Amino acid sequence: MGAAEPVEERENDGEERVEEEEGKEKREDEEEHKKDKDLEKGEVGVEERVGKGSPERQRDFHVSMLQRLNPSNPLRVAIPGMNRASTPSPAQPRSISTPSPAQPRSISTPTPQQAVVTLNSTAYTNRISLFLFLLHAVLAVGLVCFLIFKGIQGLIEGGPAERKEMKVLKYFLPQVEVASLLGITLAFSWQKAVRTWPQFMVHFILWCTFLMSLSAGILLICFQMPATDGVGVCFIAFSIGNGLYACWVTQRTKFCSKIFIKSLDPVSKFPDLNHPTYWMLGVGFLWMSLWVLAIIGALNFYCPPLIIIALGLSLAWTAEVMRNVANLTVSRVIALYYLRGMQCSTKFCFQRALSRNLGSACLGSLFVPSIEAMRIVARGLNLLEGEDEFMFSCAHCCLHVMESIFEYGNGWAYVLIAAYGKGFVQASQDTWELFKKRKMQAIVDSDITSAICFLTGVCSGSICVIVVAAWTFTVYPGFTATISLLVFFIGYLMARIAMALPHACVSCYYVCYAENPNNRLFDQTIPDRLHMIETGRDVVVPTPRVPRRFTP
């Protein structure tokens, strides 16, 4: 009998367990039924774990869930403790509660995505300008080859054309070639001197240009010929203006020297940075040699003056494009160093400047020299403005033009063109907006870097005039004035190509600082200058702006 009692207890325990399991199943069925109702109403309140229950019950539960969810998005995850409204199916429309007038419904607008700025843009910039330049280059090469052929034909046929060309070859060609060699030598010398002694060279260039242009003018007047007298007067007038300008910018030379020193620091990290400039100077020298031969051939063709003027304009545009190609190459190398801390390959940047960014270089070569000329005119008219109503109107008309020009085209744009592959106009606008954002217009307007590079070319051309004019006057005085203008042009263009490197370094320093003033590569040079200008301790004479009363 004692052994039967445990058996009865086990049976009772088994019955209790069966009752408990049946109760659990009933509760689970009730909860599942309740959840199904909630799902039909569009509400989800699942707070149980799927692990409970038998595998068949779990499978049935999931099937019912999938059948009742929205067909457009049937896969959902129910997180315990979270209430989430599900999207009702199209067959079961739900009631939409309208907000009260006191509580207007907030409409969420999508956040606009900012355009991703890339440093490796593969698009060609300013394609129309690129097409026009390439078309011009093809026509120029064809014209030069044709004129060289005409020159050779004149020598072979004999007669008056042969005597004229022989005289030109004897008394004209040697001087021009010597001037080209002298110009390329001076170009290398100027750049090396500016990189080595920037503080001294700023003052030296200002006053050396004054002395050389004045000496060239006096020398040409001493020849006592009408043509040389006219050219000499132009040189003397320019030297007077140069001297006044040198006195006017005396207060800016210290800061300009400091910017040259700071901006040229990264050049030592790139030993091959000057190679594109060497290539451009070499190609320029060869093209100018052929160009001179084409001028000789033009003497044996129709309308020689018009052809020579067309060749001169073509040479000016081509040389300016060469300078800007070197500018873009240096700008990309230095800009990537400032903005990203990268040491980019100079060869790759040179290839990019010759291909993808060449259109911007072509457009800027036409636009930027006009801008610089307009700056000079605007400043001059602003200084001459007085009681004369006509002069007053002309001054402000020019200033209105200057406002629009500076917004859509400036020489600082080459930095953003090289770094981000932007078009010339867009890069000009973005650059000027950066300067406005950092309140750097006064510093940029008072910068004399462009003037220093321009005066370097004038000084180099004046030296070529002094050497070649004296030589030509002793052998054939009739060619003195013509050769003087030609060699000045060649010397100027050679020096401008060589000065592209320091000019690009200064531009990168300004523009990259405006884009990221907190960069550790920049010191307090620009902030201190801005503070001095704002507090009135440093006086600058910026580019004249249109007064507010004259703006629309």
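Visitor: Which residues form a nonpolar patch on the surface here?
Guide: Patches are built from residues with over 30% relative accessible area and no salt bridge, joining nonpolar side chains (Val, Leu, Ile, Met, Phe, Trp, Tyr) within 5 Å and like charges within 9 Å. Here Ile128, Phe131, Leu132, Leu135 and Leu139 make up the nonpolar patch, with about 540 Å² of accessible area together (Shrake-Rupley method, 1.4 Å probe, with only the protein chains shown as cover for residues). Before we go on: this is a predicted model, where local features need pLDDT of at least 70 and side-chain atom pairs pLDDT 80 or more, while totals for chains, interfaces and linings use all residues. Residues are numbered from 1 along each chain as its sequence is written, and side-chain values use heavy atoms, without hydrogens or water.

Visitor: What is the volume of the largest pocket?
Guide: Rolling a probe the size of a water molecule over the atoms shows where empty space is left. On a 1 Å grid over the protein atoms alone, a pocket is an open set of points with protein on both sides within 12 Å along at least five of seven lines, a cavity is a set where a 1.4 Å probe fits but cannot get out, and lining residues have an atom within 4 Å of a point. The largest pocket has a volume of about 1,400 Å³. Among its 50 lining residues, Glu372, Ala373, Ile376, Ala451 and Phe454 are the closest to the centre.

Visitor: Which element gives the most to that lining?
Guide: H12 does, with twelve residues. By class, the lining of the largest pocket holds 32 nonpolar, eleven polar and seven charged residues (Ala, Val, Leu, Ile, Met, Phe, Trp, Tyr, Cys and Pro are nonpolar, Asp, Glu, Lys and Arg charged, the others, Gly among them, polar).

Visitor: How many cavities of 30 Å³ or more are there?
Guide: There are two. The largest cavity has about 40 Å³ of space, and its lining includes Arg252, Tyr510 and Arg529. That lining divides into five nonpolar, one polar and three charged residues.

Visitor: How many salt bridges does the count give?
Guide: Three, each with a side-chain nitrogen of Lys or Arg within 4 Å of a carboxyl oxygen of Asp or Glu. Aspartate 523 meets lysine 262 at 2.8 Å, N to O. This pair links distant parts of the chain, 261 residues apart: aspartate 523 is in the loop between H19 and helix H20 (525–535), lysine 262 in helix H8 (residues 253–263).

Visitor: Which residue forms a salt bridge with arginine 323?
Guide: Glutamate 320, with the closest N and O atoms 2.5 Å apart. The two residues lie in helix H10, three residues apart, about one turn of the helix, and both are buried.

Visitor: What is the phi of cysteine 303?
Guide: Most residues other than glycine have a negative phi. Cysteine 303, though, has a positive value near 50°, and its place is in the loop between helix H9 (275–298) and H10. Lysine 439 also has a positive phi, about 55°, and lies in the loop between helix H15 (424–437) and helix H16 (441–445).

Notes. Points joined across faces, edges and corners; volume = space filled by probe spheres on them. Helix = DSSP H or I, 4+ residues; strand = E, 2+ residues; numbered from the N terminus. Buried < 20%, exposed > 50% of the residue type's maximum accessible area, 1.4 Å probe, protein only.
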